[in-house]
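Here are my notes on this model, point by point. Please read them with the coordinates open.

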Amino acid sequence: MTATLSNTTAPNTADYGGDEISALVLDPGYSVTRAGFAGEDVPKSVIPSFYGIVPSVSGPKHLYGENAVHTPLPNIEIGNPVSQNGVVEDWDTATQLWEYAITSRLTNTKPSNPLTNGLNDKTDDLKQEMDGVETQERPLDENPLLMSETGWNTGKGREKLIEIAMENWGSPAFWLARSGVLSAFSAGKASALVIDVGAASTSITPVHDGLMLKKGTLRCPLAGNYISDQLRLIFSTAQPSVPLTPHYLINSKTPVDAGAPAQASYRTFPTGTEPNPSFRALQEERILTEFKESVVAVWSPGRLGGHNQHGGTNLDSARTQNARPFEMPDGYNQLFGVERYRATESLFDVKMALSDASHHAPTPNQTLPQMIAQSLSQIDVDIRPHLLSNVVVVGGSSLIYGFNERLKQELEAMYPGPRVRIFSPGSVVERKFSSWIGGSILASLGTFHQMWISKKEYDEHGPGIVEKRCK
C-alpha cells in the first residue's frame with residue numbers, strides 16, 4: 001500500500017520546497033492578473049488579463065503585458081481567456097498568460113534550446129547532452145504555488161488548475177484557495193461577509209472559520225464594467241453627446257471652453273491596418289476608468305430617486321452639489337453634476353438604471369442590497385449578526401467615492417437590529433489586491449506548510465485530490 005502525506009503532518013522539505021524557497025502566489029482576475037512571492041506586501045507582477053492578437057505569417061500571434069495591449073499595432077485584436085463571470089474559457093491562452101505573469105518579473109524564463117537558437121555552429125556534440133532538457137526546465141521547478149479561484153469555480157476547472165501547476169510548470173507543491181476567503185484573511189478575519197466589487201462581477205462571499213459557505217456565495221454582473229456601460233449611455237444621450245475618443249486616435253488638440261466642441265487633429269491608419277474594434281473598446285474603457293476614479297460618486301443619504309427630509313427630491317439636491325470637471329483625450333471638457341451619481345445609483349436602486357437595446361436593465365434581485373439579503377438568508381441565522389459586524393469590502397470598483405457610506409446605510413435600513421460594521425482598507429493597493437495579499441499571508445505562515453498538496457500526492461491520487469483537500 002502506498003504511503004500518503006497526511007494533512008496534519010508536515011511533509012518532507014523536498015516535497016514542498018521548504019523555508020529556503022519562497023512560495024509564489026497567483027491571483028488571476030477578469031481585468032488584471034497578479035503574481036508575487038509569499039510574504040511580500042504587494043504583488044511584483046501586475047499585468048492585464050487581456051492579450052493582443054496580431055496576424056503573422058505562421059498564424060495569429062499572442063502578445064501579453066501592459067505595452068502589448070495598448071499599442072495600436074496593425075490589425076491588433078484584443079482577447080481575454082476569462083469570461084465575464086470569472087470562469088476560464090481558453091485554457092491554453094490562460095496558461096500562457098499566467099506563465100508570462102510569473103516569468104516576466106518573478107522567475108527566469110525557460111532557456112531556449114542551444115540546438116535551435118542560432119548561436120551554435122556545430123550542434124552535433126550538443127544533441128546527446130540536450131536530450132530531455134526541454135522537459136526538465138520548467139518555470140516553477142523550485143516554487144510551491146498558491147492560486148486563487150472564484151467561489152463558483154467548477155470541479156473540472158479546479159482540477160485543470162492543479163494539472164497546469166504540476167504538469168506544465170513543474171511546481172513541487174500546490175494549494176487552491178477561494179478569493180473571498182483570502183480577502184477575509186487580508187483583513188485579519190477568519191469570519192466575514194466579503195463583498196468584492198470587481199471589473200466584471202460583484203460577489204458576496206460569507207466566510208466562517210476560514211471556510212467559504214457555498215450556499216450563500218452569490219455573484220452578479222453589476223460591477224465596474226456595468227458602471228462603464230451606464231456612463232456610455234449617459235454620454236450618448238446627453239445634449240450635445242459627449243465624445244469618447246481614445247488617446248491613440250489623437251494627434252494633437254487645442255484647448256477649448258467647457259462644453260465647446262473638441263478641436264483636435266485625428267490619426268488615420270492605412271486601409272486594412274486599422275486596429276480591431278475590440279482594441280478601441282479597451283482603450284475607451286481606460287478613459288472610463290479614469291472618469292470613474294476622478295468624477296463618479298455614490299449618492300447618500302437616501303436614494304437618488306427618493307425624497308429628502310425637506311420634502312424635495314434627492315435628484316434636485318444632487319443638482320446643487322459642486323460639479324466636477326473632466327477633460328477627454330481630444331480636449332472636450334465639461335462639468336459633470338448629477339450624472340456622476342446617476343451612473344452608480346442602479347447598483348442599489350434598479351429603478352434608476354439606464355438601458356437600451358444592447359444594454360438590458362438589471363433585475364431587482366441583482367442590486368447589491370438584495371444580493372446581500374439573499375446571501376444571508378441562505379446561512380445559519382445564528383451567525384448572521386457576526387457576519388454583519390464583519391463586512392469586508394474589497395475590489396477596485398468599491399473605491400468609488402461614497403460607496404462604503406451608502407452600503408452601510410442600506411444594510412442598516414435592512415437590518416436595524418444587528419450592529420453593522422464595515423471594514424475596508426483605505427489603501428488603494430490593499431483594496432485592489434486584497435485576495436493576493438491574503439494569499440501572501442497564508443502561504444508565508446509556517447503552520448501552512450503541512451497543508452500543501454505535494455507533487456508526490458498528486459502523482460498518487462491525480463488531479464481529483466484538489467477537491468478533497470482544498471475545501
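1. Start with helix α16, residues 434-444. Nine of its 11 residues are buried, so the helix is largely enclosed by the rest of the structure. The buried set is S434, S435, W436, I437, G438, G439, S440, L442 and A443. Keep in mind that this is a predicted model.

2. What do the buried residues of α16 pack against? The partners are strands β1, β2 (32-37), β7 and β17, plus helices α7 (179-186) and α15 (428-432). Several of these elements come back below.

3. Leaving out residues up to four places away in sequence, S183 touches V194, V392, V394, S434 and S435. Of these, S434 and S435 are among the buried residues of α16.

4. Next, strand β17, residues 391-394. Are its faces covered or open? Both are covered: V391 and V393 are buried on one side, V392 and V394 on the other. As background, side chains in a regular strand alternate between the two faces of the sheet.

5. β17 has parallel pairings to check. Four bridges join it to strand β9 (residues 192-197), and the two run parallel. Within that pairing, D196 has V394 of β17 as its bridge partner. Two bridges join β17 to β18 (residues 422-423), again in parallel. There, V392 is bridged to F423 of β18. The chain gets from β17 to β18 by way of helix α14 (residues 403-414), and this β-α-β crossover is right-handed.

6. F423 also takes part in a charge-ring contact. The charged end of K189 sits over the F423 ring, 3.7 Å from its centre. A second case involves R324, whose charged end sits over the ring of Y401 at 5.6 Å from the centre.

7. Now the open sheet of six strands. Its order is β3-β2-β1-β7-β8-β19, and the pairing is mixed. The edges are β3 (45-48) and β19 (453-454); each has a single partner strand, so one side of each is left without a neighbour in the sheet. Helix α6 (residues 155-168) packs on this sheet and touches β7, β8 (173-178) and β19. The direction of α6 makes about 150 degrees with that of β8.

8. Strands β1 (residues 24-28) and β7 (residues 145-149) run parallel and are joined by three bridges. L26 has M147 of β7 as its bridge partner. Both β1 and β7 are also among the elements that the buried residues of α16 pack against.

9. Aromatics next. The count comes to 14 aromatic pairs. One of them is F235 with F336, a tilted pair at 5.9 Å centre to centre and 50 degrees between the planes. F235 belongs to helix α8 (residues 224-237) and F336 to strand β16 (residues 333-336), so the pair ties together parts that are 101 residues apart in sequence. Both residues are buried. F235 and F336 also belong to one aromatic cluster with F291 and F326.

10. Y248 and F269 make another pair. Their ring centres are 6.2 Å apart and their planes stand at 50 degrees, so the pair is tilted. Y248 is in the loop between α8 and β13 (250-254), F269 in the loop between β14 (263-266) and α9 (277-294); the pair therefore ties together parts that are 21 residues apart in sequence. Y248 counts as buried at 12% relative accessibility. F269 is buried too, with a relative accessible area of 18%.

11. Last, P325. Is this residue buried or exposed? At 60% relative accessibility, P325 counts as exposed. Its place is in strand β15 (residues 324-327). Setting aside neighbours within four places in sequence, P325 is in contact with V295, Q334 and L335. From P325 to G337 the C-alpha to C-alpha distance is 9.0 Å, and the two are 12 residues apart in sequence.

Key. Residues are numbered from 1 along each chain as its sequence is written. This is a predicted model: local features need pLDDT of at least 70, side-chain atom pairs count only at pLDDT 80 or more; totals for chains, interfaces and linings use all residues. Side-chain values use heavy atoms; hydrogens and water are left out. Two strands pair if DSSP finds at least two bridges between them. Contact means heavy atoms within 4.5 Å. Axes are lines fitted to C-alpha atoms, for helices over the stretch in contact, and angles run from 0 to 180 degrees between N-to-C directions. Rings of Phe, Tyr and Trp (its six-membered ring) pair if their centres lie within 6.5 Å; planes under 30 degrees apart count as stacked, over 60 as edge-to-face and the rest as tilted. Buried means under 20% relative accessible area, exposed over 50%, partly exposed in between (1.4 Å probe, protein chains only). A charge sits over a ring if NZ of Lys or CZ of Arg is within 6 Å of the ring centre and within 35 degrees of the ring normal. A crossover is right-handed if, with the strands pointing away from the viewer, the path from the first strand over the helix to the second runs clockwise.
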